[in-house]
Amino acid sequence: RQPARPASRQPRQPAATRGRAGLRGAAPLARRTKTVAALGAEPIRGRPSPIAQVVTLARLPVVLATGLRLALQPGRGRTAVPVRATLAAAAIGIGAMAAAMTFGASLGHLLATPGLYGVTFDAHIETNGNFSDIRPVIPVLQADPTVEAVTVGFTGIPLTVGKVSFGAQETTDVQGSIPPTVVEGRLPAGPEEILLGSRTMRDLHAHIGQSVQMSLPGVTQALPMRIVGRGVLPPISDTEQLGLGAVLSPEVINAFAAHTSGFTVPPPGDAFVRFRPGLDKAAAIAALKSRLSTTADVSVLAPTQPTDVVNFGQVRDLPQLLAGLLGVVAAVTMAYLLVSSIRRRRRDLAILKTLGLVPRQVSVALAWQATTVVLVATLVGLPLGLAAGRSAWAVAAGQVGVVVRPTIPWGLVLGLVPLALLIANLVAAGPALAAGRIRPASVLRSE
């Protein structure tokens with residue numbers, strides 16, 4: 001029986017030999033690493049977004065997490081997709097729609113609320129002739145059961161401040177109250193106070209609290225008057241442009257007469273009527289014309305919309321058209337994002353299917369990608385759009401001289417969210433189905 005031989009031991013290689021072997025293996029390893037990097041070995045590369053990191057910590061379902069990452073991480077190199085541009089386009093589209101809705105609703109509220117552009121009465125009664133007296137018809141108006149308020153006075157009083165000329169009105173309530181529309185400040189309460197229209201105040205480069213020298217034709221002495229408010233005059237003076245004119249207190253005409261010898265105060269030639277609530281205003285005006293036709297030589301006129309308001313109404317649909325165009329651009333941009341994601345991330349999607357995702361799950365991940373884009377764009381674009389719509393209306397209304405009262409149609413604005421989600425998922429339907437049909441073997445073999 002032969003004795004067992006001791007196990008042979010491999011001779012230890014010298015250190016220099018081991019170093020040469022390591023260097024020979026390093027070159028192929030480096031080439032392999034570069035190749036893998038060029039092919040995009042990581043499923044979604046690039047600097048992770050903060051939201052994606054939150055998704056990781058939240059341990060969301062893999063399909064939802066994948067859709068969020070596809071929507072929020074642009075990637076680098078071959079897998080880069082225009083995520084930021086798509087989010088910006090979607091936010092601009094949604095914001096533009098919200099701004100257009102706010103502007104359109106504010107314009108509709110202005111057209112439906114005459115008091116905002118200075119028309120606080122339902123009928124204007126004027127005498128047919130210069131310096132005619134309107135006071136004989138006042139008892140008839142006061143006895144009319146359809147009339148709620150009556151005021152009388154003067155309109156179109158020509159005033160001048162420096163080189164700026166404008167018309168003014170002065171009225172006195174005889175039944176109820178029909179006050180002019182005040183935008184800022186208050187109505188004049190004495191002979192030395194005046195309220196100006198917005199445009200007239202800009203033309204005079206004046207402000208509330210400032211004193212101006214007011215002149216009346218035929219009156220030799222100008223009166224110092226303090227501006228106490230800014231308002232909107234109805235289109236009944238010598239001009240129909242909003243924002244021009246002034247409102248005087250009833251004592252001003254007497255104050256002018258006291259400073260000029262031979263100047264007599266003419267009788268009031270205008271009356272304004274407001275009917276009781278619930279009446280058909282057109283029928284009430286027709287009945288009032290019939291009653292006054294046998295009493296005096298007067299005209300009963302229904303208030304009209306100023307030219308500026310009419311022009312506003314003609315462009316009412318333009319903001320919605322522009323917003324719709326931007327919405328179409330946002331939808332096209334999102335479609336491009338989804339198609340680019342499938343084309344540039346085919347390898348990533350193939351790896352996900354290799355790891356166990358079925359075609360339906362890949363399609364759902366693309367749907368979550370589109371949904372995420374819309375939700376993020378809504379969170380950013382909706383508040384900015386509402387603020388932009390309010391600001392745009394404030395500028396437009398301020399330039400015209402009407403009361404700035406923005407109106408937000410909350411029902412329509414909130415309805416933008418489900419509408420945008422529906423459109424996004426309809427746009428994503430085709431790319432999502434295409435992503436679910438990716439064959440991992442063919443894609444990885446080609447890579």
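I worked on a 1 Å grid over the protein atoms alone, where a pocket is an open set of points with protein on both sides within 12 Å along at least five of seven lines, and a cavity is a set of points where a 1.4 Å probe fits but cannot get out. Lining residues have an atom within 4 Å of a point. Points are joined across faces, edges and corners, and a volume is the space filled by probe spheres set on them.

**Ground rules.** The model is predicted, so I note that local features need pLDDT of at least 70 and side-chain atom pairs count only at pLDDT 80 or more, while totals for chains, interfaces and linings use all residues. Residues are numbered from 1 along each chain as its sequence is written, and side-chain values use heavy atoms, with hydrogens and water left out.

**Second largest pocket.** I looked up the volume of the second largest pocket and got about 270 Å³. Its lining has 18 residues, and I94, M97, G327, A420 and I423 lie nearest the centre. Helix 4 (83-112), helix 10 (318-344), helix 12 (359-400) and helix 13 (410-436) each give two or more residues to this lining. Helices here are DSSP runs of H or I with at least four residues, strands are runs of E with at least two, and both are numbered from the N terminus. Which helix gives the largest share of the lining? Helix 13 does, with six residues. I sorted the lining by class and found 15 nonpolar, three polar and no charged residues. In this sorting Ala, Val, Leu, Ile, Met, Phe, Trp, Tyr, Cys and Pro are nonpolar, Asp, Glu, Lys and Arg are charged, and the others, Gly among them, are polar.

**Cavities.** I found three cavities of 30 Å³ or more. The largest cavity holds about 90 Å³. Eleven residues line the largest cavity, with T120, F121, Q169, I178 and F272 nearest its centre. By class that lining has six nonpolar, five polar and no charged residues.

**Helix 4 against helix 12.** I checked this pair next. The two axes come within 6 Å and cross at roughly 35 degrees. Axes are lines fitted to C-alpha atoms over the stretch in contact, with angles from 0 to 180 degrees between N-to-C directions. The contact has 20 nonpolar, eight polar and one charged residues.

**Salt bridges.** I counted a salt bridge where a side-chain nitrogen of Lys or Arg is within 4 Å of a carboxyl oxygen of Asp or Glu. How many did this rule give? It gave seven.

D144 pairs with R291, the closest N and O atoms being 2.3 Å apart. D144 is in the loop between helix 5 (138-143) and strand 2 (147-161) and R291 is in helix 8 (residues 281-292), so this bridge ties together parts 147 residues apart in sequence. I read relative accessible area as buried under 20%, exposed over 50% and partly exposed in between (1.4 Å probe, protein chains only). D144 is buried at 5%, whereas R291 is partly exposed at 34%.

R274 and E148 form a bridge at 3.1 Å, N to O. R274 is in strand 9 (residues 270-275) and E148 in strand 2, 126 residues apart. R274 is partly exposed at 23%, and E148 is partly exposed at 28%.

E193 and R186 meet at 2.8 Å, N to O. Bridges with shared partners join R186, E193 and R226 into one network. E193 is buried at 12%, and R186 is partly exposed at 36%.
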